[in-house]
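Student: Could we go through this structure together, one question at a time?
Tutor: Gladly, have a look at it first.

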Amino acid sequence: MASSVLLFFFFTIFCTYISLSWQEILLLPLTHSLSKTQLNSTHHLLKSTTTRSATRFLHHRHSNQNRQVSLPLTPGSDYTLSFSLGSQTISLYMDTGSDLVWLPCHPFECILCEGKYNPTTIPNPNPLNLTSASLVTCKSRACSAAHSSHSSSDLCAIVKCPLEDIETSDCKSYSCPPFYYAYADGSLIARLYTDSLSIPMSSPNLVLRNFTFGCAHSSLAEPIGVAGFGRGVLSLPAQLASFSPQLGNQFSYCLVSHSFETNTVRRPSPLILGRYSMDKAREKQLRNLEGEFVYTPMLDNPKYPYFYCVGFEGVSIGGRRITAPEILKRVDGRGNGGMVVDSGTTFTMLPNEFYEPVVAEFNRRVGTVYKRASQAEDRTGLGPCYYIDDSVDMKGRNVPQVVLHFGGNSSVVMPRRNYFYEFVEGDDHGKIKRKVGCMMLMNGGDFENSGGPAGLFGNYQQQGFEVVYDLEKRRIGFARRKCASLWDTLNQR
């Protein structure tokens, strides 16, 4: 019987500051977390993860200008990183779908967090003590960024700054008012503080003075903070860029492939801040890890400026290309359309009008060979699913190759494990064991009645790729990598 304790697989927390061919990078380990809380089978874990992916995506669509963004709530396929703030070490989720660093602060109350996690299984579980942090003032740019629909004068009025002080721009002694974040099935209230953020390196430590973060004393269903990597002035990359443009204007990560099994040994996934190059020996070693980058341009979104939006042109199933609708190819003036590249959502979401022909083509090729596993679809939230008979197809040729086509004429060939998950299931009594395979793309629902992003590229489909966010050239790149080997190569001294 599976444990009801939330299991985190943490590796030794450290990071490295490396100089490679006159380039400086920060190399940090991303740790994959896997929840088995109240989940006693692969079915339940998959069902929980598909539900979270769908809920997060729908909330992305319905986000508004009041910073109501979706954050990763329950670990299912999330990645954490650690660093020091003041004199304390903290662990946060890494999320490209939000643009603020926030964390729980002492005293902290988390409502409806029972069963979310076991504090004894993770490092640094206690809320942060604000011993050296300072409140941000209502006149600061950071305060206006957190309250994106308010001017600084509005914020000064909210904290009851006298009119004569507002008129003379002399409200620096008044602190920024609390702000509200809402997300898929919870929310939090936080205030803005500044402190020194320290990332330990070989010599010396990198210290960001006046690092701005949100401090939450209460939350609903969210016990762990988030390191926002989105496009915004309060995100970690943006604040890092103000200290060192070469470190903050580009970052990449390479997610080590994982499965929905708690007994899998997990290696750290490299998070690389900055742009790296190598000497010839290491460059050859890196190229042996797989291929070159293909890039797709970032699209501006006037309503959701913190999202990494790209154009999505279509999907090829076994050589047949299915063209995406216009809503996936571009973002209109109201912020509708395009695809969001998101590290905080597990599965890729496609609008229904595009998802259906993709599934139909996939099923046309696979469904004639394997029997449909309808019960597995109901129990996991994935589909289509099939009962796999290895004796019929020992080399897996009956599962067609899937290629994703992005804007800028960039195509990404997906490894089979990124879009077709295979596992063994039994009946309710565990007597009959059968191998099941499920397609890992999800139906994002009807777009016409919702607006916002039309699609989302999730982290499960990003596994085994180095995904680079080039903020200076405004593009996102994908390159096949053996991510564990990339970590070893970059971590060599």
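Tutor: Helix 9 (residues 352–366) lies across strand 15 and strand 16. Helices (H or I, at least four residues) and strands (E, at least two) are DSSP runs, numbered from the N terminus. This is a predicted model, where local features need pLDDT of at least 70, side-chain atom pairs count only at pLDDT 80 or more, and totals for chains, interfaces and linings use all residues. Residues are numbered from 1 along each chain as its sequence is written, and side-chain values use heavy atoms, with hydrogens and water left out.

Student: At about what angle does helix 9 run to strand 15?
Tutor: Axes are lines fitted to C-alpha atoms, for helices over the stretch in contact (heavy atoms within 4.5 Å). Angles run from 0 to 180 degrees between N-to-C directions. For helix 9 and strand 15, the value is about 15 degrees.

Student: Which strands are at the edges of the sheet?
Tutor: Four strands form an open antiparallel sheet in the order 16-15-21-22; two strands pair if DSSP finds at least two bridges between them. Pairing on one side only marks the edge strands, strand 16 (320–323) and strand 22 (410–413).

Student: What is the bridge partner of G314 in strand 16?
Tutor: Strand 15 (residues 312–317) pairs with strand 16 in the antiparallel sense over four bridges. In strand 16, the partner of G314 is T323.

Student: What does the chain average in pLDDT?
Tutor: pLDDT is the predictor's confidence in each residue, from 0 to 100. It stays under 50 over residues 1–22, while 75% of the residues score at least 70. The chain average is 80.
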